[in-house]
Amino acid sequence: MIAALRRLDWLLLAAVLALSGMGALLVWSATHARQLSAGGDPNAYLYRHLASLAIGLALAGIVTRFDYRQLRIHGPVVYLAAVVGLLLVLSPLGRTVNGSHSWIDLGGGFSLQPSEPAKVALCVSLALLLTERRASGDGFRSGDVPHTLGLAAVPIGLVMLQPDLGSAMVLTVIVAGILVIAAVPVRWLTGLALTAAAGAVAVVRLGLLDQYQIDRFAAFANPDLDPLGAGYTTEQARIAIGSGGLTGQGLFHGTQTSGQFVPEQHTDFIFTVAGEELGFAGAAVLLLLFTTLIYRTCVIAARADDLFGALMAGGIGCWFAFQTFVNIGMTLGIMPVTGIPLPFVSYGGSAMLANLTAVGLLQSVRLHQRVATPQSGELLTADAVTALPRRHRAG
Amino acid sequence: MKRTRHRLLGVRVLILSLFAALGVQLAFLQVVAGDRYREDAQDNRIREVVTPAARGLILDDLGRPLAQNRSRFVISVNRTDLERQPDRGEAVLERLGRLLGLPATELRQQISPCGPGVTEPCWNGSPYQPVPVAEGVDAQTALQIMERREDYPAVTAELVAARDYPAPEGARAVHLLGYLQPADEEEMAAQEARGLRDPGLQRADLVGRAGLEKQYDDLLRGTPGVTRLAVDHAGRVTGTVEQVAPVPGNHLVTSIDAKVQAVAEQELHAAIERARGQIDDNTGRRYEADAGAVVVMDVRTGRIVAMASYPSYDPQVWVDGITPTEYQRLVDEESGGPLLSRAFQGGGAPPGSTFKPISAAAAAAAGFSLTSTYPCPGSLTIGGRRFRNFESQDYGDITMARALEVSCDTVFYDIAQRMWLRDGGNQPVERPSDPMQRMARSFGLGQPTGVDLPGESPGRIADRDYKRRHWERTKDETCRRADSGYPELAPSEPARARFLEQLAKENCADGFRWRVGDAVNFSIGQGDTLVTPLQLARAYAAIANGGTLWRPQVAKAVLGPDGHPVKTFEPEATGQLPVSRSTLDYLRDALVGVTTHGSAARAFAGWPHDEYPVASKTGTAEVYGNQTTSWFATFAPADQPQYAVVMMVSQGGTGSGTAAPSVRKIYEALFGIGREPVLPGGELPTGLPQIRPDSTVGQP
């Protein structure tokens, strides 16, 4: 047990804990003024955030202990559960928040956003599919891509129906990332990219996007276009971050934040709180923590001793990286505004649970590696060896 | 697995470079462009509420306030506080409505910010500014609101300054002082264009629109105080960031003397009444006396001691808010345009014989002897036309001085004709010398005097250039008439139609030509030449003071809110008459003769001529289609001149009959003849009034 703890990726864990801790503070700062002016408990959001953080960490602990390879048996269940969850959203149990019909009401003031666990499920099930298809030989087979796309199409389609463009994009990136990491030949990838581009053009041309989505892209291109309309959020976000300067205005002292000039600040625009109140120093620390998180995820993927672990960890890495880049990018005005939260930092229980579950999976892959990493020269401990399934023990 | 690791390495490189891009953009926004965004953030969250500054006083030479501020109670509603009430202030408005006798719905309407879909009355000021809902309420109502704070949250009763024109000694000085009106869109835009906004002019601010209030608006207005409030995204006030107290405006000390001003106003009115009591021999009707003006100037400095105009109006209409119909009446031609001061605005009038001293000066400068005599027949035929001697009869051969005394026209006709011939007559030389027109310009006619009052009329000198320009402007119509004649007049007035057609034919052919008739008319101030009473006062002051043309000034000094002098306005000479000392002396003596035994002798019967010799000239100017304009231009004491007084009454009859008796009364007041002098010691004060720290004013 102690040895297992020592084999955990502590750098990854430290980054996650630091991000979550900063996230809690930023959510608190982003919400306390609004709560006060609305006559509510200024700490309400903080408490709820800490509660989901605690549950998520417990969940991550359990998942860490669990041998990820067991998922090769339970994989289909995970996938089906995710699809059922997404179907429930479209049933009468579903709830609409901010124009997105993305929630299931759990009663008692709790609700779940099934598109978040669907991200984990997709990482697991796609990794499983590709691993199984290659179990016989170790090479690429031409059916890999259609099968993968077919499996992914169901959850992505359901998310699009909500409609939740942001989550659909994350799921798509997970698919793409896993295909890339699964060493799908470049000609396939090129073909897919061209098809996707053509599809995007068609979607815009055929008017399949809502006007607000087109407006957001237009506003992204030119935020001064309509500062009180679609460009308002982008402009206010940039003002908040820009006015933070080098050292920031201090936690709870940001004027843009306490004045609630940035909409959705505790969720999608949480990075603006860091920018304004903690300044470049704090925001850069946040960015470094994310870099560490993703770097370690990639290391875990690269050192996984089976394809399943590598693909799953790689998929999770692409997921985190994409969400982080798009979220921070949109607050900085270099990406269009899409409803994508910042992992571990934004307020939101479902995302927190999904993210921490993914971290548990990463730790599990790391913990259940067969041999010591060549760099450290560390030997496999007895405890770890006994935990390995028999057929891999030899080698 | 090997290829997977390769791909993973590629993915890692891609992700790290994307994150590096985030870092670069972050550094740019926060470190490089941080200052700009900090400003934007300030604009975002700061709203300004303006406390108006008390406007400065306008004082007369002894410190009597001509314009001051009067306190009155104003009830205002603070919208921010009202919205915080549990029922959004419904109960408060209900209660306030009962107290003020207004329906609560009307109060609600008044405080709603103007915008699309909001009907008047609405509030077009800043939404953070308390909205005044009742002005000038009685003290008892105001006290109820002040003492029962708990019943009237979000409602304030304050003493607010309103402009007041108290007319000390009866001096209303309406046209001198001007009036205030709220800043309009144009002024706001102009201010924005100049880049001024902090704190600058606010939408509800009063701005001087005429007279001294306009001329010295910047000095009088002061700087409004600003309270900077922090607000959130919905505009709710979250705190006070900064508070800057208003700086009261400066006080303006003028050279106007309230007592002299009052006398001038009364005497102008008396002259108009006098004219209206007389029958015009030409028309058989009473004189209309539709307008008039009087100027009293200190000849040693050009400062205005008094200046009045008729018709006038009640300045209170501006203070209480003017309705469009009232405003129409004020600017309406029918009512005589009471907003215009006839002393320096409204175009001016032909000066008539008051112009003759200028003609005489021109004659002297052109070599006509002042010691020889000139024939003064009853009429003179010049260029085939008979020119009558309007105001006098045949005096035989007389001196130039006598010609001025009795206002003999024919003497000046003859001189003007000879000057015209010298310039080549109908075939003018290359550069005509035009001595009289040139002299008129040297006396400051045909150009603004530069008085420190806005909207001054420049007047007009009807010379060769003017005639050519006028012909070019009108020749199309003239030539059309030359062809078609006047068929509409022919049946009823065949003689007049024939005359007008003939005139049109001549004018069409060579109406641009400077004819002898033009030169002759010009010499006695008739025709198209226009002069304002202020211009004439300055010209006579120059004869009096030895030839200096002063820039007329009303402002004497600016005092800070605490009374310390900020600025003094020194007399400013703008020119010197090209007239010799001896000619000026000659003119002065001749003009004294007008008063003692000339055209003004009757009006000055019994006057102590030895003690206070008055130099004067009467004028009775013809205006086509109207009754004659009465002029009287003077200065006194002639041996040691102090004042120039000029009065003009439009359609008012003769100079000697209408204006002269009133000007005499003004001199009586100034010198204390048969009464107490209105000035302390009979002299204009030289020092400035004192403003004490408690804002009371002391005499100099």
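A crossing of two helices is called right-handed if the near helix is turned clockwise from the far one by less than a right angle, and left-handed if anticlockwise. In the predicted model described here, this term applies to the crossing of α7(A) and α13(A), which is right-handed.

Chain A contains 16 helices and three strands, and of its 395 residues 50% are buried. Among the contacts in chain A with a separation of 6 or more, 69% are accounted for by residues 24 or more positions apart.

Two packed helices are described by the angle between their axes and the distance between the axes. For helix α7 (residues 165–181) and helix α13 (residues 307–332) of chain A, the axes come within 8 Å and cross at roughly 135 degrees. On the side of α7(A), the contact involves A:Val170, A:Val173, A:Ile174, A:Gly177, A:Ile178 and A:Ile181. These residues meet a set in α13(A) that consists of A:Ala310, A:Leu311, A:Gly314, A:Gly315, A:Cys318, A:Trp319, A:Phe322 and A:Gln323. By class, the residues of the contact of α7(A) with α13(A) comprise 10 nonpolar and four polar ones, with no charged residue.

Contacts also extend from chain A to chain B, with 41 residues of chain A in contact with 34 residues of chain B. On the side of chain A that touches chain B, the elements giving two or more residues are α7, α10 (230–242), α11 (255–258), α12 (270–303) and α13 of chain A. The largest share of this side, 12 residues, is contributed by α12(A). In terms of class, the side of chain A that touches chain B has 25 nonpolar residues, 15 polar residues and one charged residue.

Within chain B, a further helix pair is formed by α14 (residues 356–365) and α22 (residues 581–597), whose axes come within 11 Å and cross at roughly 145 degrees. The crossing in which α14(B) passes α22(B) is right-handed. B:Pro357, B:Ala360, B:Ala361 and B:Ala364 of α14(B) make this contact together with B:Thr583, B:Leu587 and B:Leu591 of α22(B). The contact of α14(B) with α22(B) has six nonpolar residues and one polar residue, and no charged residue takes part.

Chain B also contains an open sheet of three strands, arranged in the order β1-β8-β9 and paired in the antiparallel sense. The edge strands of this sheet are β1 (46–51) and β9 (237–244) of chain B, each of which pairs on one side only. On average, and with direction ignored, neighbouring strands of the sheet are turned by 25 degrees against each other. The antiparallel pairing of strand β8 (residues 225–231) of chain B with β9(B) extends over six bridges, and B:Thr227 has B:Gln243 in β9(B) as its bridge partner.

Another antiparallel pair in chain B consists of strand β18 (residues 555–559) and strand β19 (residues 565–568), which are joined by three bridges. One of the paired residues is B:Val558, whose bridge partner in β19(B) is B:Lys567. Together β18(B) and β19(B) form a hairpin with five residues between the strands, and in the turn B:Gly563 has a positive phi of about 100 degrees.

Note on methods:
Residues are numbered from 1 along each chain as its sequence is written. Chains are lettered from A and ligands numbered from 1 in the order in which they are written. This is a predicted model: local features need pLDDT of at least 70, side-chain atom pairs count only at pLDDT 80 or more; totals for chains, interfaces and linings use all residues. Axes are lines fitted to C-alpha atoms, for helices over the stretch in contact, and angles run from 0 to 180 degrees between N-to-C directions. Helices (H or I, at least four residues) and strands (E, at least two) are DSSP runs, numbered from the N terminus. Two residues are in contact if their C-beta atoms, placed from the backbone, lie within 7 Å. Ala, Val, Leu, Ile, Met, Phe, Trp, Tyr, Cys and Pro count as nonpolar, Asp, Glu, Lys and Arg as charged, and the others, Gly among them, as polar. A residue is buried if 20 or more other C-beta atoms lie within 10 Å of its own, exposed if 12 or fewer, and partly exposed in between; C-beta atoms are placed from the backbone. Two strands pair if DSSP finds at least two bridges between them.
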